[in-house]
Amino acid sequence: MTTSTTRRERERESRACQNLGSSIPVPSVKQLTSQPLETVPHRYIQDTSNDYPTATPTPCHSLPIIDFSKLIHPQYQSSELLNLHLACKHWDQFKVVNYEGITMYQRPFVRGKLYIRFTVEFPESFPKQCKAQQGVLPPRPSMQMTDMELDECEETTLHDVNIEEEMRRKQQEALKMKNDDMHGEDTMWTAISVGYELIGHRVSEESIKCMDRKTQEFFDLSSEEKKRYAQKPGSLEGYGQAFVISEDQKLEWCDMIFLKAIPTHTRKLEFWPEEQPHNFREALDTYSHDIKKTAVSIIEFIAMALGLDGKRFSEAFEGGNYDVRMNCYPPCPEPERVIGISSHADISGITLLTDCGDIPGLQVLKDEKWVFVEPITNGIVVNIGIIMEVVSNGVYKAPYHRAAVNKQKDRFSTVTFCYPGKKFDIKPAEELINSGSLALYKSFSYDGYFESFYERTKLSGDGVPFIDTLKI
Ligand SMILES: O=C(O)CCC(=O)C(=O)O
Ligand SMILES: [Fe+2]
């Protein structure tokens with residue numbers, strides 16, 4: 001009974017995998033740049049006429065940092081969860097009242113700041129009936145307060161606050177404290193994210209460093225060697241480029257290898273480099289299990305920050321799917337005319353990215369500007385994916401991001417797309433809907449969600465972002 005159910009499930013899974021879309025073979029950018037290039041071939045030149053400008057780096061354009069060790073520390077958890085929430089959703093209006101917050105750590109008589117978030121929704125029009133209703137209702141209660149009520153009031157001043165700068169400052173303090181605390185420890189890693197930056201997570205340094213090396217070594221192999229792992233018709237897995245569906249489509253300045261990593265039975269080892277790079281498979285095996293552990297914890301905290309049952313999410317991601325994409329962006333003679341990866345939002349629940357080296361390339365769209373995400377040594381970028389945008393009913397948004405390239409050096413990144421298990425329906429969380437909000441997104445089964453995504457990748461050029469097709 002169990003065996004046949006498992007077999008049936010696997011068959012369904014394998015059918016679903018075959019429907020994952022495919023990509024037609026394209027030249028390798030690494031090979032293209034192996035000889036000196038002065039100009040870029042026409043197929044790579046992007047139309048940048050309607051593009052957003054790139055922001056000049058400033059402190060308020062850098063990403064917030066969340067301290068993972070605080071998330072798991074009873075003393076700091078609630079304040080760090082608030083930071084996490086603000087980091088995932090940082091566009092509301094904030095005011096601050098000084099010295100009215102909770103007491104400060106180790107200073108029981110000093111209160112910190114009280115941040116108040118105002119989300120004001122003005123009606124678009126006042127219905128005509130309002131006036132008529134006023135006529136039949138009793139007079140409004142007086143706003144005048146009694147002396148006793150006034151005695152209990154305390155006057156205070158609401159200061160305007162730039163919450164992003166404020167968070168930045170707090171996070172820099174947190175980072176400093178963390179570094180002081182961790183002096184001498186080298187087993188922890190720093191992590192950053194597109195929605196927020198995370199420090200102190202539990203992936204081992206060796207695991208990430210080793211994967212970084214293997215990613216670089218893979219792309220440094222000869223073309224013949226890499227082609228042994230080339231994508232096959234009807235599959236996105238393997239070495240190549242993603243989502244090239246027509247011969248005249250613009251190409252991205254990127255070579256990649258895409259592999260399903262977890263659960264282990266979904267691995268297609270024919271695409272996993274074997275003899276070279278030496279120990280590539282072992283490195284990816286360890287890395288993917290480590291990244292999964294981090295993802296399971298992060299998702300639990302994200303759910304808690306949304307006021308949802310964290311355990312439901314950690315369980316769903318414990319039994320989840322993890323796909324790894326390794327990217328190589330070779331140097332380009334005209335970097336401003338090409339794109340490494342075009343603007344997109346990830347379809348995952350969350351995405352964890354490690355930058356192999358210190359060359360910036362990842363950009364996130366913030367306030368209609370492309371902002372570079374500075375690689376942090378030993379860091380992981382955490383990005384909210386479309387699944388979490390739907391589940392949060394739009395409270396958190398899956399940010400648009402892209403990869404820029406540079407003139408001087410290869411850039412490499414290793415990206416893990418983290419998905420819940422197949423039993424997880426992709427729909428706004430019931431707790432959020434029951435609390436009075438309308439569902440803003442449609443509901444999908446796990447397979448239904450992917451089917452609708454891959455259907456859309458086949459429709460080129462209608463310009464409707466996938467996320468918009470999910471909205472009610
Ligand atoms: O390499 C990067 O910085 C971005 C990669 C990315 O967004 C992706 O693979 O989905
Ligand atoms: Fe992405």
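Which strand gives the largest share of the shell around ligand 1?

What we have here is a predicted model, where local features need pLDDT of at least 70, side-chain atom pairs count only at pLDDT 80 or more, and totals for chains, interfaces and linings use all residues. Residues are numbered from 1 along each chain as its sequence is written, chains are lettered from A and ligands numbered from 1 in the order in which they are written, and side-chain values use heavy atoms, with hydrogens and water left out.

Okay, back to the opening question. The answer is β19, which brings four residues to the shell around ligand 1. β12 (321-329), β13 (341-344) and β19 (411-419) each give at least two residues to that shell. When I say strand or helix, I mean a DSSP run, numbered from the N terminus: E over at least two residues for strands, H or I over at least four for helices.

There are 13 residues around ligand 1, and the ones that come nearest are Tyr329, His344, His401, Arg411 and Ser413. A residue counts as near if one of its heavy atoms lies within 4 Å. By type, the shell splits into six nonpolar, four polar and three charged residues.

Ser413 has a polar side-chain atom 2.6 Å from an oxygen of ligand 1. For His401, a side-chain N or O atom is 3.0 Å from a ligand 1 oxygen, and for Asp346 the distance from a polar side-chain atom to a ligand 1 oxygen is 3.4 Å. On its own, ligand 1 exposes 300 Å², and the protein buries 97% of that. Those areas come from the Shrake-Rupley method with a 1.4 Å probe, and for residues only the protein chains shown count as cover.

Next up, the metal. What coordinates the iron ion, ligand 2? It's His344 through NE2, Asp346 through OD and His401 through NE2, at 2.1 to 2.2 Å. Donors here are N, O and S atoms within 2.8 Å of the metal (3.2 Å for Na, K and Ca), and water is not among the atoms, so sites may look incomplete. Along the chain, the iron donors follow the spacing H-x1-D-x54-H.

The cut-offs are under 20% for buried, over 50% for exposed, and partly exposed in between (1.4 Å probe, protein chains only).

Moving on to charges. Side chains of opposite charge can pair when their charged atoms come close. The whole structure has 18 salt bridges, where a salt bridge is a side-chain nitrogen of Lys or Arg within 4 Å of a carboxyl oxygen of Asp or Glu.

Let me show you a few. Glu270 and Lys232 pair up at 3.4 Å, N to O. Glu270 sits in the loop between β11 (255-262) and α10 (280-305), and Lys232 in the loop between α9 (223-227) and β10 (238-240), so this pair ties together parts that are 38 residues apart in sequence. Then there's Lys293 with Asp290, closest N and O atoms 3.8 Å apart. Both lie in helix α10, three residues apart, about one turn of the helix. Lys293 is exposed at 59% relative accessibility, but Asp290 is buried at 13%. Lys30, Asp220 and Asp410 are linked in a salt-bridge network.

Most residues other than glycine have a negative phi, and most peptide bonds are trans. Ile262 to Pro263 is a cis peptide bond, with omega near 0°, and Gln276 to Pro277 is cis with omega about -10°. Pro263 is in the loop between β11 and α10, and that loop is the place of Pro277. Asn279 also sits there, with a positive phi near 65°. Asn393 has a positive phi near 55°, and is buried at 7% relative accessible area.

Notes: Polar contact = N/O pair within 3.5 Å; in protein donor to acceptor, adjacent residues only side chain to side chain. Nonpolar A, V, L, I, M, F, W, Y, C, P; charged D, E, K, R; others polar.
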